[in-house]
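We will go from stop to stop, selecting as we go.

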Amino acid sequence: MHIPDGFISAPVAAVGCVVAGGSVAYAVKATKKKMGEKQIPLMGVLAAFIFAAQMLNFPIAGGTSGHFVGAALAAILLGPWRGILIMTCVLVVQCLIFQDGGLFALGVNILNMGIIASFVAYYIYRGSALFGEGRKRKLIGGGLAAWFSVVIASVACAFELAISGTVPLKIALPVMAGIHALIGIGEGLITAAVLNLIMATRADLLELQKA
Amino acid sequence: MRFKWWHGALIFALFLAVLSPLASSSPDGLERIAEDKGFMETAREAFFEAIPDYMVPGIKNEAVATILAGLIGTLLVFAIGYSLARLLKAKGEA
């Protein structure tokens, strides 16, 4: 879902940069007082895992592929603000080193796959706690949160393309949401699998987002 | 140095990077729509290049070039994420 330069207009790109810049600045402020010793390696390995997993495009229907985004996993484990910081690290490296996602579109990509995806996932996951606290609830809640994070991010992307005049909303919206409803299943399964692995080995890491 | 949980996690991420040549090369969701709806050609190439297309330039074997790109990226992102968190912690305590 990395938007290259040219797909979005200059005003949309500019708004993306302002929103992303402001959010990252606030994330730095909000997280620095609460950065524990355990969070430090987790921030690094989550960013590394997300980068590597994003390279592994999996095939979905009709000669199309999708890839893991990872914002849901990061936000569930470390909270939305640290999730935004992790996604920003990944997206900046992808943009500057690998030319994946445009330089002018970087703000919009951080907005979609970092900010929107992190917050959507975090609140759906926390909301799922209303249905109980068990392991199964956490896995289902995590998987659903991940699915929604990808689908809502793709909806945001469709709006950005439409506002830019690239493709009409009535075309972009159903296709983007439709394809990402499938890609989101992969996101949900991977997120639940990683959460399951963490619960089995290091359940204490699941409590860090409350800090 | 004692082996810690996150050493294992980092090794797992590097293992995923080694698998990267197996990834599907089909267009992703956004690229698929751009092709189908005819706006793919509006994409502008970056005006700078480091490791474009996740392949280290100058290496003939595409799988090796991709694996190297994956390993470089994974380690770089780890270093940045780890250093950022350490810096934030230091600033928070200051």
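In which hand does α3(A) pass α6(A)? Select both helices and look along the crossing: α3(A) passes α6(A) in a right-handed crossing. Helices are DSSP runs of H or I with at least four residues, strands are runs of E with at least two, and both are numbered from the N terminus.

Before moving on, note that this is a predicted model, in which local features need pLDDT of at least 70, side-chain atom pairs count only at pLDDT 80 or more, and totals for chains, interfaces and linings use all residues. Residues are numbered from 1 along each chain as its sequence is written, while chains are lettered from A and ligands numbered from 1 in the order in which they are written.

**Stop 1: α3 and α6 of chain A**

Keep both helices selected. The axes of α3(A) and α6(A) come within 8 Å and cross at roughly 130°. Axes are lines fitted to C-alpha atoms, for helices over the stretch in contact, and angles run from 0 to 180 degrees between N-to-C directions. α3(A) and α6(A) are therefore oblique to each other. Under 35 degrees counts as roughly parallel, over 145 as roughly antiparallel, 65 to 115 as roughly perpendicular, and the rest as oblique.

Now show side chains. From α3(A), pick Ala71(A), Ala72(A) and Ile76(A); from α6(A), pick Gly142(A), Ala145(A), Ala146(A) and Ser149(A). These make the contact, where contact means C-beta atoms, placed from the backbone, within 7 Å. By class there are 5 nonpolar, 2 polar and no charged residues. Nonpolar covers Ala, Val, Leu, Ile, Met, Phe, Trp, Tyr, Cys and Pro; charged covers Asp, Glu, Lys and Arg; the others, Gly among them, are polar.

**Stop 2: all of α3(A)**

Select residues 71–78 of chain A. How many of the residues of helix α3 are buried? The count is 8 of the 8, so helix α3 of chain A is largely enclosed by the rest of the structure. Buried means 20 or more other C-beta atoms within 10 Å of a residue's own, exposed means 12 or fewer, and partly exposed lies in between, with C-beta atoms placed from the backbone. The buried residues of α3(A) pack against α2 (39–55), α4, α5, α6 (135–163) and α7 (169–201) of chain A. Step just past the helix: Gly79(A) takes a positive phi of about 90°.

**Stop 3: α4 and α5 of chain A**

Select residues 80–96 and 106–127 of chain A. These are helices α4 and α5, whose axes come within 9 Å and cross at roughly 150°. α4(A) and α5(A) are therefore roughly antiparallel to each other. Their crossing is right-handed. Contact residues include Pro80(A), Gly83(A) and Ile84(A) of α4(A), and Leu106(A), Asn109(A) and Ile110(A) of α5(A). The contact residues divide into 12 nonpolar, 5 polar and no charged.

**Stop 4: α1(A), and across to chain B**

Select residues 10–32 of chain A. At 1.5 Å a residue, the 23 residues of helix α1 should span 33 Å, and its end C-alpha atoms are 33 Å apart, which agrees. The expected span is 1.5 Å times one less than the number of residues. Among the buried residues of α1(A) are Val12(A), Ala13(A) and Gly16(A). Their cover includes α4, α5 and α6 of chain A together with α3 of chain B.

α1(A) and α3(B) pack at an angle of about 60°, with their axes 8 Å apart. Val28(A), Thr31(A) and Lys32(A) of α1(A) meet Leu88(B), Lys91(B) and Gly92(B) of α3(B). That contact has 2 nonpolar, 2 polar and 2 charged residues.

**Stop 5: two single residues**

Zoom to Val167(A), in the loop between α6 and α7 of chain A. Val167(A) is buried, with 22 other C-beta atoms within 10 Å. Its contacts include Lys37(B) and Phe39(B).

Finish at Phe12(B), in helix α1 of chain B. Is Phe12(B) buried or partly exposed? Phe12(B) is partly exposed, with 17 other C-beta atoms within 10 Å.

Methods. Left-handed = near helix turned anticlockwise from the far one by under 90°. Contact = placed C-beta atoms within 7 Å. Lists of a residue's contacts leave out its neighbours within four places in sequence.
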